[in-house]
Amino acid sequence: MTNKLSICMIVKDEENNLRRCLESIKPLLKDNFAELIIVDTGSTDNTVKIAKEYTNKVYFHQWNNNFSDMRNFSISYACGEWILILDADEELMNPDTLIELLISDFILDYNTIQVSVNNIINKAGNRVIFSIGERIFKNDGEFCYSGSIHNQAQVKQPVYLSEIKIDHYGYINDDDELMEKKFKRTSKMLMDELEKNPNHIYYRFQLARTYFMHKDYYAGYMEIKGAYKKLREFFEDINDIPKDLYYVFIEYARMSFMLKRYEETIDVAKEGLILYDNYIDFYFYLGYAYFNQENELEGEKAFIQYFELYSKYEKNELNYHQYTTVEFYSIDADIKSKVAYKFVNHLIEVKKYKKAEKYIAFIDNEWYKYECLIKIIINNKKYEEFEKIRLQLTQDSQLIFISALEKKLKELDNDTVKVISRTFIKKDNEDSYNLINRTRVGCDKEENRLALFRQILSKTSINQLPINLFSEIFNELLLIDKGYFLKEIKKFNSIYIKKFVLDIIEEYSNEDKIIDLIIEDNKRVYSSVDLHKCKVTICSALLLSHVNDKPDEKYKQIFKKFVSAGKQYVLNVYQPEKLRLIYPLVDNDSFDKLFILIILIEQAKEINLKSAINYYKEVLEAYPYFSAYLNEDLVNIKTQLEINSVINDIQKVNNTNSNLKVFQGTIEIAGQVGTIVKGLNQKSNVTAFGLNYYPGYINYRNTNQVDILKAGNKEVITQSILDETLHAFDIFHFHYNTSIMPDFKDIQILKETNKKIFMHNWGTDVRRVSIAKKLSPYTKLKIDPKNNIGDETSIIKELEFLAYYIDDCIVADAELYEYVKGFYNRVHYVRQALDINEYTSSENFEFRKTKPVIVHAPTSTDFKGTKTVNAVIEKLKLKYDIDYKLVQNLSHSEAKEIYRDADIIIDQLHSVGHGMLALEAMAMGKPVISSISDFMLDFYPKEIPIFRANPENLESKVETLIKDNEMRKVLGKKGREYVEKYHDHREIADVLLKLYNS
């Protein structure tokens, strides 16, 4: 028996869609009514396996970048009387209707059948673009497709517009992966075709749509505008344009409208209406475009025409069978409703109330419909209509209606609100909304109002009135009777309580009343689990409403009440002895977990500080918005843990048998403390210990740390550290004008106990402008008066104080000597130390001949000359292909990884000599550009391989290294040799030991 229908499909990698499609056509496959033909063009997933579950007619043809060829291959296998073309990302919605149609006699008079296609364009499925397409064809042996990309069927007349419906899921535009895949495939094929034939209007139209779906809106607009211009070049008279090219006008109108080019939209839409005067989208675009140009009269006309056509569409009275090339964007019910809402509001504004009432029927959204209706009634002052309308509505619709009315009432004056409220007061009607309106009219005594509110709450469930009215009631109760407020509000669940509280704060500006309620010591008979939970919810609403604010004292109290109530709640609900086992199972969305963790933290603080910190980390990860309230305690715990660790390590030093014990601290400068400690500890009979009070983002981790800036009682903490160090160490080697205690209170004690003390100065701690300018004309210093950085008077005063107690000063070079000479009894030169084994270039690194990597890493942009460096690099980019990396706000280990792969490193331009970066870079075998003044040349070893530069000649210096790859290699090799010779941390340790023992 011959099949009535052949379903022809071409597929590739469609395992996510195919089963849905094939399930939809199963009724057609019964009793051999239809055969299913599937041509696979190279699937690598489970597509073929799924296809074979439904048919044995699965064929394979290699993809050749031509859709029509593949379609025609599938058609060549068809034996049915009719052919249905279906894609894997589609679903046949009414197969029974198709069966009835094909077995009818009248369809024999037609050669082609059109179907309706709903193109679903979002994952939620509530945005649909409607189109008509020829999908069913009489199998006369001649039917075929043409066109390599957007294949077009060779349609034979007559054509029948059927009621067959297909849902299409292929262009869900919020599925980024799907849209990107489609764009890459389709755009390439279209551009290839247009390269062969630039004047092909249909392909240019399809490329415009492809860009638009990919959200390249301007590119899409330019393509369709180009197609339109080509079309008008071919046909100067609009009336000569063939009817089947109308799609160009439609897409041009749509895309120009989306880009807010309203003049173009109006012009092209009016031209399009000459071709087809009942195309609904044109009126949609015209209406909006005219209104955006404030041509309201023309906008009205367009929207009226739009709604007339929409009504005909709903009644199936529009003959849309000729529209088979484009979709209909404005037939979507959601869009229609939004247009109606805009149009009705306009009509209300211009006081065309009767006309507005007519178009309210097109608004599907109940809220918007009632909102418009309420405006009309208020403008007409027919307030008695409100109660008539309300009583005709279902319970759910009443809620929406009352909500919309209440919102509008807030915009009106008190006298008008009272007039409207009276219309709801009926002797024979004592429902909740009636009672609420009684509280607004003629009920001034608090006891009477309270009685009404009690009556309302006793007889009204949450789904009988809008939430905002419960908020109004609780706001009134808060002012009249706080105890009754708590008693009633705790009966609701947390979601509603939070809503009531936020409304009281935002709508009624009574936040202070809520705060007073919580802060007061309410020892009432309502102290129950429900009340604790209620207080937690009220506090959380208060706290979360100020989540981005710095907590003041009131809110700190609120947080304490929040935690106190929460702890009482969880201790009543959960078994206290099992909290540690239970908390991982508690949902983060519940504050229960927060309170359990806080209880565990309090317990752990007495036993194990590390456990307390781990619990805190869990709290901050789950509840980051409470960090401002929790961080202080966390910091105190961390600091205490750090102090315990430091004191423990100091005690270990005290218990060693070393001949020499050295303390280094209390700030880490460019990793020098940790590196020196490492070098000293490699020597026999020496134990060195480093302490850093100021850890930062650079994160040098070779020393012990106590973050003194975050510590609570600095005096107590530092005194405890000093007490231990006095017993443990022989040598105290301080850095950067710091010591163990604030304000150098320990220096005199160390001096009196005959400890050897050294102060090691490094730069801005002693650098003064008056001297620096004499050493180099390019010097710029970091100036920060608030922190006494760069203030000469403060620097001198500090040096005088320190030199009174300390005899020995250490500096790295001749520049720093100029700042400290004359203060200390003895000044010693000790070069910067590097563990050179920690600084190596990237494995198999070779200097690049093309696109060299240039790195600059400023800690102080002024001192380093970053502005000049950036400007020079941008200028050189115009001549050379270079890769520039500005290293900022990275840890030392992260920055080192970038240095390791650099071809050129620029250190600093406004200094007397080079910095630590230069040494690190040379240790990695990198050529370094840095300032070195003439003054410093006499101090540095003559073989120093730094490529000298200043702000004036930097460009030529960088350009030289860009062009001269061999020079980079030589400088890199010499740099490594230089650092090995002069800066090895083991050699520096020997120099220091001689000083310590002298």
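## Buried, to begin with

A residue counts as buried when its relative accessible area is under 20%. Arg 968 has a relative accessible area of 0%, so Arg 968 is buried. Keep in mind, as you look around, that this is a predicted model.

## Asp 903 and Arg 968

Let's stay with Arg 968 and meet its partner. The side chains of Asp 903 and Arg 968 form a salt bridge, with 3.4 Å from N to O. Asp 903 sits in the loop between α39 (892–900) and β21 (904–906), while Arg 968 belongs to helix α43 (residues 965–982), so this pair ties together parts that are 65 residues apart in sequence. Asp 903 is buried too, its relative accessible area being 0%.

## Glu 251 and Arg 209

Here is another pair to find in the model. Glu 251 makes a salt bridge with Arg 209, and their closest N and O atoms are 3.3 Å apart. This pair links distant parts of the chain, with Glu 251 in helix α9 (residues 247–258) and Arg 209 in helix α7 (residues 201–213), 42 residues apart. Both residues, Glu 251 and Arg 209, are buried.

## A pair within one helix

Lys 338 and Asp 334 join their side chains in a salt bridge as well, at 3.3 Å from N to O. They are four residues apart in helix α13 (residues 333–349), so about one helical turn separates them. Asp 334 has 34% relative accessibility and therefore counts as partly exposed.

## The wider count

How many salt bridges does the structure hold? There are 56 salt bridges in the structure.

Technical notes: Residues are numbered from 1 along each chain as its sequence is written. This is a predicted model: local features need pLDDT of at least 70, side-chain atom pairs count only at pLDDT 80 or more; totals for chains, interfaces and linings use all residues. Side-chain values use heavy atoms; hydrogens and water are left out. A salt bridge is a side-chain nitrogen of Lys or Arg within 4 Å of a carboxyl oxygen of Asp or Glu. Helices (H or I, at least four residues) and strands (E, at least two) are DSSP runs, numbered from the N terminus. Buried means under 20% relative accessible area, exposed over 50%, partly exposed in between (1.4 Å probe, protein chains only).
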